[in-house]
Amino acid sequence: MKIKKIRILSLPEKFGGRVVEVQNTKRNFTTPTRSAASTEANYKDRLNLDAPILNPLLEIVKLFTKKYPVKRFREQNGVFYKYKREITARTDAFEYAISKFFPQLEQTEMLTIEDAKIVLDLQIESGADVVSIPDITINSDFAGFERHVIAAAEYIRECSPNLEPMPYINLSLEPHDFKGKFDVILANINTFSCVGFIHRSIDKYRANYSYIWKHRDKEIWTHVSGVPRVFPTTFPSSQLHIPQRYGIDTCALKIPRIPPPPTGEKSPPECVLSDPTEYLRFFDRRTIGVFRLPDWHRRYSNNLSCNCAVCSDKNLNEFIEAYLYDKRGKVSQPHLIAATKIHELFASTKEFETSQRYIKENNLGEYFTEKEGLSRYAKEAFEA
Ligand SMILES: [Zn+2]
């Protein structure tokens, strides 16, 4: 996939947000929107559901931890092959979408040039359309960062002129470092038609988000990876819907860290839960909240009010009844959770069509005020 043009369709002066058309050789798309994540594709596989995932973007996310770091690619045979096989399976299945890979690293892992090169090879060989360029070190100086991203982009294009390089910048950098690196990308806008950010808290790293907001008139596709589903705040807002406020075009969910099972147990035993609806969360378009079941009941009682392909106007009890049993007819919490996640993918993607409409009418501020889960971010524009 090659990006041909980033066409800004709407750029409201005050509050922010923007509507952009990313014209490319595979499938044009309009932002803001969210990508489908490979974890969501896994949930979809679990369900017996005909409705396809139609998001224009697919982000394949792999988690690298202290125990399973990126450097294993260089230290053990077979690791590269295993990842390549898994990524290829997804890029093949989502052949109609623009696929990209995001290596979700632990903050502690610093990549070497060799590590970064292997991550590029992995993506190029697995059929990804957009190739993520990981930063070699979060603290690299600007000249070093520029050499690294330019060399990586040249390498990617030498491998195939039909690949789109996407350099990544971590939003947890100090403002001076974040600005410096973002400026490097903007100064090389002929080389880069897109840039990726690694998500960090919008509350803590507001200065960096503000810098992106100030540059929302630039003709570059901005993407953020690693967005948590909800934050443990007083209101469980869906985090994916917040970055659009800062002019970020697309976003993708992070893989949650799952605590390891207790020693001696390989995986938790099946069907021991007394209540399979425990831990369920439901995305709500009306508020952009992702509520636990008891809270949902308090607000809406049995009413779901969603006509997505998963809910298809069922009420809450009917939804649980429909998705509680797996393909073998056994009570299955994972099956039920998969249904809630695919509802969330469909409903939240649809909701971005609504926010696009508000931006076009110069009303994103009103949209943020109306939605209880976004109203904390509904203040007027940043200082210029
Ligand atoms: Zn639904």
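Which residue stands opposite V19 in β2? In this predicted model, the residue opposite V19 is S10.

Strands of a sheet pair through backbone hydrogen bonds, either parallel or antiparallel. Between β1 and strand β2 (residues 19-24), the antiparallel pairing extends over six bridges.

Helix α10 covers residues 333-360, a run of 28 residues. Just after α10, N362 adopts a positive phi of about 60°.

Helix α10 also meets helix α1 (residues 38-46), and the two axes come within 9 Å and cross at roughly 125°. Since angles from 65 to 115 degrees count as roughly perpendicular and those over 145 as roughly antiparallel, α1 and α10 are therefore oblique to each other. The crossing of α1 past α10 is left-handed. On the side of α1, the contact involves E40, Y43, K44 and R46, while α10 contributes P334, H335, A338, K341, I342 and L345. Sorted by class, the residues of this contact comprise five nonpolar, one polar and four charged. An α-helix has 3.6 residues a turn, so residues three or four places apart point the same way.

A further helix pair is formed by α5 (residues 142-159) and α6 (residues 175-187), whose axes are 10 Å apart and which pack at an angle of about 40°. As angles under 35 degrees count as roughly parallel and those from 65 to 115 as roughly perpendicular, α5 and α6 are therefore oblique to each other. The crossing of α5 past α6 is right-handed. The contact is made by F142, F145 and E146 of α5 together with G180, K181 and V184 of α6. By class, the residues of the contact of α5 with α6 divide into three nonpolar, one polar and two charged.

Key. Residues are numbered from 1 along each chain as its sequence is written. This is a predicted model: local features need pLDDT of at least 70, side-chain atom pairs count only at pLDDT 80 or more; totals for chains, interfaces and linings use all residues. Axes are lines fitted to C-alpha atoms, for helices over the stretch in contact, and angles run from 0 to 180 degrees between N-to-C directions. Helices (H or I, at least four residues) and strands (E, at least two) are DSSP runs, numbered from the N terminus. A crossing is left-handed if the near helix is turned anticlockwise from the far one by less than a right angle, and right-handed if clockwise. Two residues are in contact if their C-beta atoms, placed from the backbone, lie within 7 Å. Ala, Val, Leu, Ile, Met, Phe, Trp, Tyr, Cys and Pro count as nonpolar, Asp, Glu, Lys and Arg as charged, and the others, Gly among them, as polar. The expected span of a helix is 1.5 Å times one less than its number of residues. Two strands pair if DSSP finds at least two bridges between them.
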